[in-house]
Amino acid sequence: MLTSSQMLLLVAMVALGSAITRFLPFVLFPDDKPTPPYVLYLGTVLPYAVIGLLVVYCFKGVSLSAAPYGLPEAVAVGAIFLLHLWKKNTLLSIAGGTAVYMLLLQTVFS
């Protein structure tokens with residue numbers, strides 16, 4: 001259990017860390033200077049890298065050798081794929097795939 005002074009110090013450190021991470025980019029990259037090419041490059045590749053990392057993280061616990069053999073996950077991915085082909089809306093695809101996956105887990109594979 002933390003004492004009152006430790007909790008206050010903890011909150012102050014978290015607030016300081018948040019403030020630094022929010023204001024530091026404006027200090028490092030002011031409006032009157034061009035953004036470095038490497039930072040622009042990272043801005044184009046990192047979103048795809050993060051999505052790839054999330055996909056790997058989502059499927060890391062799927063067992064293809066034990067029931068249900070990854071079937072709910074495969075159906076959900078199929079739903080995401082079809083929704084995205086149909087509506088071309090990323091948010092709808094993710095929400096629909098999540099809903100299909102949760103529905104399958106709560107009803108069919110419970």
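The protein chain exposes about 9300 Å², with carbon and sulfur atoms supplying 75% of that area (Shrake-Rupley method, 1.4 Å probe). This is a predicted model, where local features need pLDDT of at least 70, side-chain atom pairs count only at pLDDT 80 or more, and totals for chains, interfaces and linings use all residues. Residues are numbered from 1 along each chain as its sequence is written, and side-chain values use heavy atoms, with hydrogens and water left out.

Overall shape next. The protein chain has 4 helices and 0 strands, counted as DSSP runs (H or I, at least four residues, for helices; E, at least two, for strands). Its radius of gyration is 22 Å, well over the 13 Å from the globule rule for 110 residues, so the chain is more spread out than a compact globule. That radius is taken over C-alpha atoms, and the rule is 2.2 Å times the number of residues to the power 0.38. The C-alpha trace spans about 50 × 50 × 25 Å along its principal axes. Buried residues make up 9% of the 110 (buried is under 20% relative accessible area, exposed over 50%, partly exposed in between; 1.4 Å probe, protein chains only).

Now the side chains. How many aromatic pairs are there? The count comes to 1, for rings of Phe, Tyr and Trp (its six-membered ring) with centres within 6.5 Å; planes under 30 degrees apart are stacked, over 60 edge-to-face, the rest tilted. Tyr 38 and Tyr 41 have ring centres 6.3 Å apart and planes at 35 degrees, so this pair is tilted. Both belong to helix H2 (residues 37-59), about one helical turn apart. Tyr 38 is exposed at 57% relative accessibility, while Tyr 41 is partly exposed at 48%.
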